[in-house]
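Here is a short briefing to keep beside the structure as you look around. Take it topic by topic, with the viewer open.

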Amino acid sequence: MTLQTVLLVAAALFSVGLYGALSQQVVVMVMMGLELMLNGLIVAAAGFWWFLAPDPSGQVLLLVIIAAMTVEMAMGFAVATHLHRVRRVDMTDMAADLNG
Amino acid sequence: MPDSAVSAGSALAAAGILGLLAVLAAVLDGFLTARAAGGGPSGLSRPVGEVARLMRQRRRTTVAADTLLWRIGSAGLLVMALMIVTVVPLGEWTLFDLDVGVIWFNAMDVLAWAFVWLTGWGANSTHSLVGGYRFLAHGLAYELPLMFGLVAPAVAASSLNVGTVADAQQDLWFVVWMPVAFLAYGTGILAIAVWGPFTPALGTDIAGGVTAELSGVDRLVFQGGRYALLAAGAAFAVPMFLGGGAGPLLPGWAWALVKTGALLAVFVWLRRRLPAVRPDLFMEVGWVVLLPAVLVQDLLVAVVAVWRT
Amino acid sequence: MITHISFWVFAVVAVLSGAAVFWVNSMARASYALALSFIAVGLQVLLLHQNYIGVVTILMMVMEMAVMAVYMVMFMGMNPALMPMNMVHDKRHALAAAVGAFLLLAAGAVLIPWPARRGTPPAGVTVALGEELMGPKMLVMAVVGAVIAATIVAGVVLAAHRTRYDRLGDDLRRRPANDPQPGGVGR
């Protein structure tokens, strides 16, 4: 367990998430991709904190990432619900126009 | 991970104590059930008979069941209970003396959302899926009061370590001056064990709900997990609210066990004393009554904690 | 030694279950694969000595994925049983972008000469975090609190299809409110 290995794991998680966020059509699946990218960020930030600068303030960054995930999820679900109610769609492709 | 050496022997001992408590809870429940029915045998041997019956029962299969998730869900409650007791101190021993033990408990109790819903989902049966959703609806209402209820003792002890919280109650048990938090906690424990008022997820109106298609060993593990969760919840309440091992004459571990057993008996007894709460109605109760009450409790505790320092 | 082994086990579990999210054929399996990935990451964070953050990650993400599964079933209008699903667009470019991103990040992780460790970890990591949040980094906490409060309001506004006029009538005088689903308090 070194900084390099931790960062490699983080990179793998981030890339898998990027693939999902780019390729998935359903809104909820896109959100899962975004979550996975943030998951990678958590590992990377935790690794940087422990291996480079383990002072108290670094951990605050991790809390901010977790808070960002919460906000992303909550707004994502709200938008998905609204989209479904107004347009009866759950795909990003079908929500691309401004109609409606 | 903290460098607390976990010996396999003490882990087995903890699991054994938890199992014993769960069996005692089941025996007591069998007795109370038989008494409520009136006449007939005492009911004390009912759990033994039930275990024997379920061990021999053939597994029921359903069409297109998601077997992997179904098995994970039904076995999960027992695993949750075991993980909870790892942070509970018994006298001077703690299996896994984590500095954030209270948060650990919270992380374990939300697993109930996953496991109960998965048990309902896996069978690919309408009734059990309805039961799973009922549990999630209850979960939305009980979870935040439960978490904020645990904030109060942690604030008063200014620690998230379970042992430190227990030690902070030398003068006065927390249950005495934070009763609302204790009630919210107790409600949460009944809910994660799908017990008493929170049984609509297993309701007879939906043919047993989550357990509708469970049979044989799966059913045994699921029901055993419910009793184990009640026991683990009672065990965790002892250091958080009931003064840990404090008490006259007996050593700390004995007092911890006595208190756990007493609270567990109350939990089991409450099953027949409280009405079932409908998920839709309880949602508003949880958010409009329970959560603000617990938050006020937290505020009071925080003010006292600041004033005392 | 045991730390290293468990780190690698968690790493493999995290990445494989993360990949499984976009690979399995069931919405429930996808959601809970992501939950498993988060649990593995939370345990890794525990290995990196940040107990509070690690446990909170597990706590929040399991809860989120339980809700996520419900949304998946709700919005992906199809038979909730195991059913093949392949709802992707532009798979090749996405795959290329992902592989490219991984190579770039991995090259950075391996090739950059990382500086030596600066400072020592505090004795009580969780206590230090709490004091930091309630002291010098109070602004972060205050902003996060405000943002989350705004999110709650915005989320409810977006998702709710009824307003107070639907509930209480045009002059807001109807009591009790006209709700499709009555609450337990009887407002």
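Predicted model: local features only at pLDDT ≥ 70, side-chain atom pairs only at ≥ 80, totals over all residues.

**Confidence in chain A**
- The average pLDDT of chain A is 84, and 88% of its residues score at least 70.
- Within chain A, helix 1 (residues 3-23) has the highest confidence, at 90, while helix 3 (residues 58-87) has the lowest, at a mean of 85.

**Helix 9 of chain B**
- Helix 9 of chain B runs over residues 179-192, and its end C-alpha atoms are 20 Å apart. That agrees with the 20 Å that its 14 residues should span at 1.5 Å a residue.
- Twelve of the 14 residues are buried, so helix 9 of chain B is largely enclosed by the rest of the structure.
- Among the buried residues are B:Val180, B:Phe182, B:Tyr185, B:Ile189 and B:Ile192; B:Gly186 and B:Gly188 are buried too.
- After helix 9 of chain B comes B:Val194, which has a positive phi, near 50°.

**Where chain B touches chain C**
- Chain B brings 28 residues to the contact and chain C brings 25 residues.
- On the chain B side, the elements giving two or more residues are helix 4 (101-109), helix 5 (111-122) and helix 12 (279-308).
- Helix 12 of chain B supplies the largest share of that side, with eight residues.
- By residue class, the side of chain B that touches chain C has 22 nonpolar, two polar and four charged residues.

Technical notes:
Residues numbered from 1 in each chain as written. Chains lettered and ligands numbered in written order. Helix = DSSP H or I, 4+ residues; strand = E, 2+ residues; numbered from the N terminus. Expected span 1.5 Å × (residues − 1). Buried ≥ 20, exposed ≤ 12 C-beta atoms within 10 Å, placed from the backbone. Contact = placed C-beta atoms within 7 Å. Nonpolar A, V, L, I, M, F, W, Y, C, P; charged D, E, K, R; others polar. pLDDT = per-residue confidence, 0-100.
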